[in-house]
Amino acid sequence: MAVISQTDFQTRKARRKWMGRAFHGLCLLSVCIALGMLALLLAYLLIQGVTRIDWSFLTSFASRHPEQAGIKAAMLGSIYVVIVAGVVAFTLGVSTALYLEEYAARSRFARIAKLNIANLAGVPSIVYGILGLEIFVRSLSMGQSVMAGGLTLALLVLPIVIVAASEAIRAVPPSLREGSYALGATRWQVIWYMVIPQAFPGIMTGMILAVSRAIGETAPLIAMGALTFVPFTPDSPFSRFTVLPIQIFNWTSRPQEGFQEAAAAGIIVLLVILLVLNAGAVFLRNRFQNKWE
Amino acid sequence: MQNLDPILQTRGLNVYYDTKKVVTDVNLDVARNRITAIIGPSGCGKSTLLRCFNRMNDLIPSARVEGQVLFDGLDLYGPDVDPTEIRYLIGMVFQRPNPFPKSIYDNVAFGPRINGFKGDIEEVVVRSLHRAALWDEVKDRLKSSALSLSGGQQQRLCIARALAVEPRVILMDEPCSALDPIATLAIEELMRELSEHYSIIIVTHNMQQAARVSHYTAFLMVEESRVGFMVEFGESRQIFTNPEDERTEAYITGRFG
């Protein structure tokens, strides 16, 4: 007594196979579209801008004349600001994560703090710009300087570093801590000699994300007073500055074709700097990771 | 116990997790340079009791210890005692080997370094590896990762690590339960050698091991209230052949556990 006839059964099987193939195809198509757009963008950039990159482009200041425009000021400004932001975000972020995960682990304070930090990650970046303007530029009288800009960006990326560092610290196995304590280590020694080295790769990942975010930020820096046209290199942490995204934006809003090419070239330089910084962090991360695994 | 020369003694030891009592009124003498086994069914508080001896329960925020633990007369839970100062004297080996993700050399050197040892660390490392019966197997690769060792070797490395800081007592919390039988025998052999110079307390759920290896045995149990207490303590020979308490007899003959 067949409840399901043979032909019914065959149809179902054929349909399932077809659905499987269609889904596979859909996923593949999505990947192609996403990667294709990126590839297209990169290709367009390279075509437009790579010819424009030469030594004079890298060492000249901006200019009203498209042929003479260079990104020296913007490039140095970006590098300095990102270094300040990176150092401050790393120090504050890792210390905060250590406090929340090691010293105050199960306290109510830690729970509230972590909730708020996660929320801070979603705050629009312009808000940090206004915050930076009020606190660093005005109240602390740093002026519209590299230092103020770097600190503003440090606050912006701080939640990223804290979250990544917290995850990394939490992932350190309790057995390693116990083993250290059992040998007579103090809490500080356990953290410094065991937890931090183990968590370092995860912390570096957080730094990569943070630096990548910081280097591309425009709105908060404009809000706290970064310039658009800078005919000098920032010579001290308290000098005024501009950054690559601002310079690029400035050029794209000009009508001349020469400036469009300069903008594309500027983007390429920005990407290269980003790649170099990330490579540095990945190198550091691998050194700690491959050592003893 | 008349002839027992105690290095550690507990007096009225009670342990609580928050308000729940888990170990009640334990009075145990641990003999100097002998192996004392603590046996009992799961959940009777053996590990909790063991961790009282080196104040590792301090690391658990909800744990509270009442009573005295005397180490050559000094109360380890006295007001002026800093746990980190005594932990190297009472070393611990854990159930699952936990070598640090460093080289073999750095694992053994870790203890002396963090305790501020000023002498020749290399000499200490070599000596400790010899004492843990591991030297011959690792002498050519001291700089390689400790994680590349087998389970039994890792556990002997953990023993070497504990020995490097010159303890007087070694606490072992089911040290062989994660190891194969051959590695287990190697560790038991090592324990017998070590007991000439160190006092050893081993928690084990393997009664044959306790009978093989220990000089004295303490039997712990829980009842319905779920509080652990000591039923009987004596020379292992006597406990395993002619126990005084019928509950001890029930446990060692396998009627429960």
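Reader: How many helices and strands make up the secondary structure of chain B?

Author: This is a predicted model. In it, chain B has 10 helices and 11 strands.

Reader: What makes the radius of gyration of chain B agree with a compact globule?

Author: The globule rule is 2.2 Å times the number of residues to the power 0.38. For 257 residues that puts a compact globule near 18 Å; chain B has 18 Å, so the two agree. The C-alpha trace spans about 55 × 45 × 35 Å along the principal axes of chain B.

Reader: What share of chain B is buried?

Author: A residue is buried if 20 or more other C-beta atoms lie within 10 Å of its own. In chain B, 46% of the 257 residues are buried.

Reader: How do you describe the packing of helix 3 and helix 4 of chain B?

Author: Two packed helices are described by the angle and the distance between their axes. For helix 3 (104-114) and helix 4 (121-131) of chain B, the axes come within 9 Å and cross at roughly 115 degrees. The crossing of these two helices is right-handed. Helix 3 of chain B contributes residues including Y105(B) and V108(B), and helix 4 of chain B residues including I121(B) and V124(B). By class, this contact has eight nonpolar, one polar and one charged residues.

Reader: How many residues of chain A are in contact with chain B?

Author: Contact needs C-beta atoms within 7 Å. By that cut-off, 17 residues of chain A are in contact with 23 residues of chain B. Helix 7 of chain A gives the most to its side, with six residues.

Technical notes: Residues numbered from 1 in each chain as written. Chains lettered and ligands numbered in written order. Predicted model: local features only at pLDDT ≥ 70, side-chain atom pairs only at ≥ 80, totals over all residues. Contact = placed C-beta atoms within 7 Å. Helix = DSSP H or I, 4+ residues; strand = E, 2+ residues; numbered from the N terminus. Buried ≥ 20, exposed ≤ 12 C-beta atoms within 10 Å, placed from the backbone. Axes fitted to C-alpha atoms, helices over the stretch in contact; angles between N-to-C directions. Left-handed = near helix turned anticlockwise from the far one by under 90°. Nonpolar A, V, L, I, M, F, W, Y, C, P; charged D, E, K, R; others polar.
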